[in-house]
Amino acid sequence: MSTERKIYIGAAWPYANGSLHLGHVSALIGSDVLARYFRLRGDSVLFVSGSDCHGTPISLEAEKQGISPSEIAEKYHKEFKETLINGLGFSYDLYTDTLTENHVRVVQEIFLDLYNKGFIYEKETELPFCPDCKKFLPDRYIEGECPKCHFTSARGDQCDGCGNLIDTRELINPKCKICGATPEWKTTKHFYLKISAFQEKILEWTESSEGWRKNAKNFTINFVKQGLHDRAITRDIDWGIPIPLKGYEDKRIYVWFEAVCGYLSASKEFSQKIGNDDLWKEFWENPNSIHYYVHGKDNIPFHTVVWPSILLAKGGLKLPDRIVSSEYLTLANGQFSKSRKWAIWLPEFLKNFDSETLRYYLLLNGAEKSDSDFSWKQYQEKINTELIGHFGNFVHRVLLFIYKNYPEGINFPAILTKEDTDFLNFAKNCFAKVGTAIEKGKFAEALESVFSLAEYGNRYLNSNAPWTVIKNDRQKAEATLAIAGHVIKCLAVLSAPFLPRTAKSICETINSSIERWEYPTETIIVVSKPAILYSKVEDSQIEKEQELLQQIKK
RNA sequence: GCCAGAGUAGCUCAGUGGUUAGAGCACUCGUUUCAUAAGCGAGAUGCCGUGAGUCCGAUUCUCACCUCUGGCACCA
């Protein structure tokens, strides 16, 4: 049974130019469930991520705030670490960032390797250059009049007036969006990644893949069939990783090439940290390892086309196996938006609410197959009735009853009724059922199975009514509570990947510990004073949050 | 505009080529009191986006249309 597997879990690297919001968490939360589950299974897990710290948006944000890009990146990196690890309890083996020496070295090594193999080549292009800002402008930083419909604020790449794609050069009266100056066309040399070389391989690999979310597979097949084009992987900017070749001091490797390399660089960094420099090879050079990637749907092409292209070009490294790409979480039927500040920010949320409730809500309503909507009302109802009413209450009523009536502990009964064995069998079967669902990335289904056990528990308890039975038959009541208590042990294990703090708290109360993802052994249960697992979400809290949203809307 | 995904009970979401389409929440009624006024049971609720086609039979397959969402290459 314990054939140890090598499980690599790569969670998307959040971009360090602003706080995380619930949409980000919704996409990432599954990675921690996977990591915790596989560790409990006894598999060998490597779970890494980090902050994506380079790129134009960060330097722009830095300019705005009048500080250096590294200050911005470090500020948010620190905040990400705090909120993801301490706040939400993400159990990363390593959460690093793209500013480390190690990362820079790994990226430059890959760059050189691909350059030498001919998968990265140099090409001269003409790009719009703003003489005032002294920088090359991305398409979206140029505005002008649409040559087709004469809409006056068409973007460099597309006209919002008529929806047509535009060649930036055809724009009438183009202007730099930052300063309003007229851009000039200047030649510049850039490095291109030869993604086109992997067109067929990636298509074949995608079509034969199993265990990807449907959105990732469809999107990728469609994307690849449209034809893969080589992409420039360098930029005329100064905030990024230097190109490891002479004569390119004023250019940098661009983030989307560089950041995905973090999956490998972080694996290496972790290996060094624990003093086993070659550990990463057991995951990356082992064809039997299983690689999970967890992210939002906006990140699909980077994980199914760009990163695999780099891996194929490099050679000898494992391609992704499971793509767990979420759809979007929306907020009161609107998209989360940084610029419009339409969001619930993670740091704020964690100040006012319990992280465990967020894990519960987002895992259950996590936009696995289609966009899912977050509303405060819905959140409050789910937490109060399901998490507290069904699950928390079952745990609490049983443990408190044992604590009050059997301080010396309770013994597992020698003889079981059919009702008892049915209940225990249901609990036993949960392990396989929940485990299978987690491995498939079906977190909502998995969590529902866990909760169905708690609901069963409530029914079992009602039907055996130990609070009545104890008056005449102390032993019979003890048997009921021993079985219910045993199921609570099961629940502690079963909930551990989803609700780690809950699991820990239950274990402390029953003086137990979680060792393995398996049906626990039956022993005497001694209970110390049970703590309340969660506090209710009050109407006043919800009203306050709803009001805040209303104000943003105005 | 092109491509993809979604449109299923009041809400959030599952699901299936076939007898009366599901869950949770909300709602109504009943019931229990060990428990954070929590639990349990029962009930009600749907032209399964619109129109057409394939089929003995479609919510499930095909086509068209409508609405929403995302992508459309230097945007992370």
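## Model and confidence

This is a predicted model, in which local features need pLDDT of at least 70 and side-chain atom pairs count only at pLDDT 80 or more, while totals for chains, interfaces and linings use all residues. Residues are numbered from 1 along each chain as its sequence is written, and chains are lettered from A and ligands numbered from 1 in the order in which they are written.

The average pLDDT (the predictor's confidence in each residue, from 0 to 100) of chain A is 87, and 94% of the residues score at least 70. For the complex, the predictor reports a pTM of 0.90 and an ipTM of 0.82. A word of care for anyone taking coordinates further: where pLDDT is low, they should not be read in detail.

## Overall shape

Chain A contains 19 helices and 18 strands. These elements are DSSP runs numbered from the N terminus, with helices (H or I) of at least four residues and strands (E) of at least two. Along the principal axes, the C-alpha atoms of chain A fill a box of roughly 95 × 55 × 40 Å.

## Helix H12 and its two partners

Two packed helices are described by the angle between their axes and the distance between the axes. Here the axes are lines fitted to C-alpha atoms, for helices over the stretch in contact, and angles run from 0 to 180 degrees between N-to-C directions. Helix H12 (residues 355–364) and helix H1 (residues 22–41) have axes that come within 9 Å and cross at roughly 100 degrees. H1 and H12 are therefore roughly perpendicular to each other; angles under 35 degrees count as roughly parallel, over 145 as roughly antiparallel, 65 to 115 as roughly perpendicular and the rest as oblique. On the H1 side, Val25, Ser26, Ile29 and Val33 meet Leu358, Arg359, Leu362 and Leu363 of H12, where contact means C-beta atoms, placed from the backbone, within 7 Å. These residues divide into 6 nonpolar, 1 polar and 1 charged. In this scheme Ala, Val, Leu, Ile, Met, Phe, Trp, Tyr, Cys and Pro count as nonpolar, Asp, Glu, Lys and Arg as charged, and the others, Gly among them, as polar.

H12 also packs with helix H13 (residues 376–405), their axes coming within 10 Å and crossing at roughly 105 degrees. Thr357, Tyr360, Tyr361 and Leu364 of H12 make this contact with Tyr379, Lys382, Ile383 and Leu387 of H13. By class, the H12–H13 contact has 6 nonpolar, 1 polar and 1 charged residues.

## The four-stranded sheet

An open antiparallel sheet of 4 strands has the order E5-E4-E9-E10. Its edge strands, each pairing on one side only, are E5 and E10 (231–232). Strands pair if DSSP finds at least two bridges between them. Strand E4 (residues 120–130) is joined to strand E9 (residues 184–193) by 10 bridges, and to strand E5 (residues 135–136) by 2.

Phe129 has a bridge partner in each neighbour: Glu184 in E9 and Phe136 in E5. The E4–E5 hairpin has 4 residues between the strands, and Lys134 takes a positive phi near 55 degrees there.

Strand E16 (residues 329–331) pairs with E17 in the antiparallel sense over 2 bridges, and Thr330 has Gln335 in E17 as its bridge partner.

Terms used. Contact = placed C-beta atoms within 7 Å.
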